[in-house]
Amino acid sequence: MIVFAASGKGGVGQSVTSCNLAYRLSLHGISTAYVDFDLGSPSAGAVFEIGSVDSGAETGNGLHSYLLGHDSIHRRVDVRASTHRKALHSRRSRGAALVLLPGDEGCGEAVSANDRQVVRRCRELLLDLDSTFKVVIVDLSAGRSVAMQIALEATRPLDMPDNEVYWLVYHRWTRQHLMSAKRVVHGPKGLLARAVELGYGLDDLLARIRFVRTAVPCVTGEHAAGGGPQAAWLLKQHDVLRSLAAEYRLGDSVSLGEVPVDRLLQWREQIVLDADVGAGIANWATVVAFDNLARRLVDRATWVPV
Ligand SMILES: Nc1ncnc2c1ncn2[C@@H]1O[C@H](COP(=O)(O)OP(=O)(O)OP(=O)(O)O)[C@@H](O)[C@H]1O
Ligand SMILES: [Mg+2]
């Protein structure tokens, strides 16, 4: 399956969550490719802690160059074999393949969704990865980006009738983030509007979109912020946001899940290992949340029309 990761705003936690999702999938024995299609600032190399592609592949070696036809084969990095993260490296034999296709460091020449060659090469790459890996996660630039347009064009049902293509839209748990997630999907120039122009069936595409709430403040339990009046206020806001999400068609029925706010991730963009929980520096709830996202993503029941 091909899974596009998108968001209405930058900095919502899309890449860190998607990298952790990819890691959890691989632990479940699901071979996973991670395509860093954030044309502006590829960051997956840093999250996976692979020094050679920390801020993308050296220009000429990454996805951007591949799409422009400067490179015939796209570079693939085995995450467990290449990471500097010792605890991840030492588990090389654990789980299924986890491979990163880095973006280019400093993108230079612009790519365009109107460039037929770019769209064709993107389609060919995704078809190839989809036939090799069980899950292909494609981390797109934030907002209604060129990357999003290329993704939509490359995977049109007409051109990929037999492939399973899904969309995850990440957003934080605030009013403004709900608004921007709504806009990027349902807005006049959003994902659905653009897709219909390209020949997608509206209901079919809607059934393939799920939302992921990131860095959600804990309102109850041991990690809950504040106490007294603040706790009561947080609970009330949480309810207000749930109603707003439902009104905006981002409600519980179309949510893949949520990841609680974790201090470790506030301070450092990284893969959260079970060992981090064991060491007392990450919350168990965070690992459970990433694990649930992985389970739900590959569960057919998730993708029934709502
Ligand atoms: N569950 C979480 N709890 C706390 N902080 C988080 C959580 N998830 C992500 N973050 C932090 O939020 C920041 C933004 O994350 P990330 O880079 O993944 O966002 P992004 O949406 O991919 O941003 P960009 O638009 O720049 O690509 C990072 O510092 C990250 O560690
Ligand atoms: Mg990102």
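**Figure 1. Surroundings of Arg123 in the predicted model****.** Setting aside neighbours within four places in sequence, Arg123 is in contact (heavy atoms within 4.5 Å) with Glu153, Ala154, Asp159 and Met160. Arg123 belongs to helix α6; helices here are DSSP runs of H or I with at least four residues, strands are runs of E with at least two, and both are numbered from the N terminus. With a relative accessibility of 18%, Arg123 counts as buried, a term used for residues under 20% relative accessible area, against over 50% for exposed and partly exposed in between (1.4 Å probe, protein chains only). Residues are numbered from 1 along each chain as its sequence is written, and chains are lettered from A and ligands numbered from 1 in the order in which they are written. The model is predicted, with local features requiring pLDDT of at least 70 and side-chain atom pairs counted only at pLDDT 80 or more, while totals for chains, interfaces and linings use all residues, and side-chain values use heavy atoms, leaving out hydrogens and water.

**Figure 2. Packing of helix α6 against helix α7****.** Helix α6 comprises residues 116–132 and helix α7 residues 146–154; their axes come within 9 Å and cross at roughly 65°. Axes are lines fitted to C-alpha atoms, for helices over the stretch in contact, and angles run from 0 to 180 degrees between N-to-C directions. The two helices α6 and α7 are therefore roughly perpendicular to each other, the class for angles of 65 to 115 degrees (under 35 is roughly parallel, over 145 roughly antiparallel, and the rest oblique). On the α6 side the contact is formed by Arg116, Val118, Val119, Cys122 and Arg123, and on the α7 side by Ile150, Glu153 and Ala154. By class, the contact of α6 with α7 has five nonpolar residues, no polar residues and three charged residues. Ala, Val, Leu, Ile, Met, Phe, Trp, Tyr, Cys and Pro count as nonpolar, Asp, Glu, Lys and Arg as charged, and the others, Gly among them, as polar.

**Figure 3. Burial of helix α7****.** Seven of the nine residues of α7 are buried, so this helix is largely enclosed by the rest of the structure. The buried residues are Ala147, Met148, Ile150, Ala151, Leu152, Glu153 and Ala154.

**Figure 4. Packing of helix α1 against helix α14****.** Helix α1 (residues 14–27) and helix α14 (residues 284–297) pack with axes 9 Å apart and at an angle of about 70°. This angle makes α1 roughly perpendicular to α14. The passage of α1 across α14 is a right-handed crossing. From α1, Thr17, Asn20, Leu21, Arg24 and Leu25 meet Val287, Phe290, Asp291, Leu293, Ala294 and Leu297 of α14. Of the residues in the contact of α1 with α14, seven are nonpolar, two polar and two charged. The buried residues of α14 are Thr286, Val287, Ala289, Phe290, Asp291, Leu293, Ala294 and Leu297. The 14 residues of α14 should span 20 Å at 1.5 Å a residue, which agrees with the 20 Å between its end C-alpha atoms; the expected span is 1.5 Å times one less than the number of residues.

**Figure 5. Helix α1 and the setting of Ser18****.** Helix α1 has 14 residues and reaches 20 Å from its first C-alpha to its last, close to the expected 20 Å. Of its 14 residues, 13 are buried, so α1 is largely enclosed by the rest of the structure. Ser18, which is found in α1, has a relative accessible area of 0% and is buried. Apart from neighbours within four places in sequence, Ser18 is in contact with Ala5, Tyr34, Ile137 and Tyr170. The C-alpha atoms of Ser18 and Asp139 are 7.4 Å apart in space, although these residues are 121 apart in sequence. Helix α1 is followed by Gly29, which has a positive phi near 85°.

**Figure 6. Loop positions Glu49, Arg249 and Leu39****.** Most residues other than glycine have a negative phi. Glu49, not a glycine, has a positive phi of about 60° and lies in the loop between α2 (44–47) and α3 (63–67). Glu49 is buried, its relative accessible area being 15%. Arg249, also not a glycine, has a positive phi of about 65° and is placed in the loop between α11 (228–247) and β8 (255–260). Leu39 sits in the loop between β2 (32–37) and α2 and is buried, with a relative accessible area of 14%. The C-alpha atoms of Leu39 and His186 are separated by 23 Å, with the two residues 147 apart along the chain.

Notes
A crossing is left-handed if the near helix is turned anticlockwise from the far one by less than a right angle, and right-handed if clockwise.
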